[in-house]
Amino acid sequence: MSAVYGYFPGCSLKSTGVAYEESLLTLFRLLGLPLEEVDDWNCCGATSYMSIDEGAAFSLSARNLQLAHQARHKDLVAPCSACYLVLRKTQDYMQRYPRIAREVGASIGNANLKVLNAVHVRHPLEVLYTDVGPRRLREKVVRRWGGGRVACYYGCQMVRPYSEADRPHDPVRMDELMEAVHVPTAAYALKTKCCGGSLTGTIHEVGVRLNHILLKEAARKGAQAIVTVCPLCQYNLDSYQAEIRRTTGDRLDLPILYFTQILGWALGGDIGSLGLGRAISGRRTIERWLLKTRVEKEAYV
Amino acid sequence: MQPELRLQREADPAWARRLSERPGGEGLFSCLQCGTCSGACPLSIYMDLGPRRIIALAREGFRNDVLQSKTIWLCASCYSCTVHCPRQIHIADVMYSLKREAIEQRLYPKRFPPPVLAQEFYKMVRQRGRNSEFWLVLRLAFRSHPLMLLGMLRTGWDLLRTGRLSLRRERIRDLAGLPKEIHREAA
């Protein structure tokens, strides 16, 4: 746990995932955790860079790690699952493969890669779970959740091989944090099944089908909303429900929220500063739920 | 074109050996062909070969079959195969390795959107240091199927009215600090 957390937003949190950035910053402010954006960060390269040039892909991340190191950040918070995975994978590869470490070192002009491997890359779910914890979160609740049951969806890259954010096959930390702020959760077996990532943009039918399955299963398990930890999962699940209704006849209209939005709401953040007006699907459900909220203590925002 | 039959003399075992020597390819020859990867893959039912057959063909040296396949481009890098593999083979990283060689040798299916997206993304980040989603989608459409934009109008409008569509073309200040090319896949 460090004094100031470095913050690596990534490209999505500045556009389609802007509600994630808004709610994350609000939540950290409410908890008194200082978060500082890394200056002049570059794109993590996601899955695309790795598909073209491996050495350059690792060097991109190494540049970001170097910027975090130069700003004296011990912890680097990466909310997007793709950024989180790429940053951690880079550290893993630099440690296991001397050739890659040499290439990366030459490419970014830094022979001392140990300091880059020492930057602790963290997902905000893990930060909130470890550094704050469910009990302290519960103590800070000022609003009683007025909404329905939610399915906690972890997606793929946040829990996969290079991660320490949660258990890879059956992650539970988001469920625990939701229950800590009195939000009921559904048993959701598909919680780590991939949303398809960029496939909704490339092989559209296949991408939409994956999301249809995820939505249908959440509804079948009694969830009235899905909670996510990744901007791409949120975008995919949120943006194609009208198309799914039109092409399949399934009447799905589920709100897809970020876990930071729900935690921030429980802790007293307001609708605007949590980006709660930016949902595409289930907008009326969200409005109804927020109106039903009971104030437990005086909100301080 | 996929041949109706594969002939062993067309296989290139030396290539398979080199593939297994690249980072992430180490476990290639320890594969049991159990099929756990294809079972765990959320996309295998849409693939032409599927991860298990990719590994089988690759380690035998059927280079063109795997490099020209669509399977490697349907892989969304979710690493489900990798975390489930009983031999701890880094299958998702083998897929990446094959994608890079397919790009380098220009063997990927032409106008197939996933490799087009990867290349446009790469170019944009190399030039500007960041990716701007809106401009990336435009480039993807113009280089694959421009009519796909029609199908995206509704989503575009939804994003616009919720303030999630940024038209800004992002770039970093220190462009000189970006890493240079380090290709070397076919080596």
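How many residues of chain B are in contact with chain A? The number is 51, and they meet 49 residues of chain A. Two residues are in contact here if their C-beta atoms, placed from the backbone, lie within 7 Å.

This is a predicted model, where local features need pLDDT of at least 70, side-chain atom pairs count only at pLDDT 80 or more, and totals for chains, interfaces and linings use all residues. Residues are numbered from 1 along each chain as its sequence is written, while chains are lettered from A and ligands numbered from 1 in the order in which they are written.

Stay with the side of chain B that touches chain A. Five helices of chain B each supply at least two residues to it: α6 (80-84), α7 (91-104), α8 (113-128), α9 (133-143) and α11 (153-161). α8(B) gives the most, with eight residues. By class, this side of chain B has 26 nonpolar, 13 polar and twelve charged residues. Nonpolar covers Ala, Val, Leu, Ile, Met, Phe, Trp, Tyr, Cys and Pro; charged covers Asp, Glu, Lys and Arg; the others, Gly among them, are polar.

Now turn to chain A. Chain A has 14 helices and nine strands. Both are DSSP runs, numbered from the N terminus: helices are H or I with at least four residues, strands are E with at least two. The C-alpha trace of chain A spans about 55 × 45 × 30 Å along its principal axes. A compact globule of 301 residues would have a radius of gyration near 19 Å, and chain A agrees, with 19 Å. That radius is taken over C-alpha atoms, and the globule rule is 2.2 Å times the number of residues to the power 0.38.

Chain A is divided into domain 1 (5-122) and domain 2 (133-295). These bounds come from an automatic or database domain assignment. The domain centres, taken over C-alpha atoms, are 25 Å apart. Their contact takes 22 residues from domain 1 and 25 residues from domain 2. On the domain 1 side, α1 (18-30) and α4 (81-96) of chain A each supply at least two residues. The largest share, nine residues, comes from α1(A). By class, that side of domain 1 has eleven nonpolar, seven polar and four charged residues.

What about the interior? Of the 301 residues of chain A, 61% count as buried. A buried residue has 20 or more other C-beta atoms, placed from the backbone, within 10 Å of its own. Helix α11 (residues 231-239) of chain A is mostly covered, with nine of its nine residues buried. Among them are A:Leu232, A:Tyr235 and A:Asp238.

How values were computed
Buried ≥ 20, exposed ≤ 12 C-beta atoms within 10 Å, placed from the backbone.
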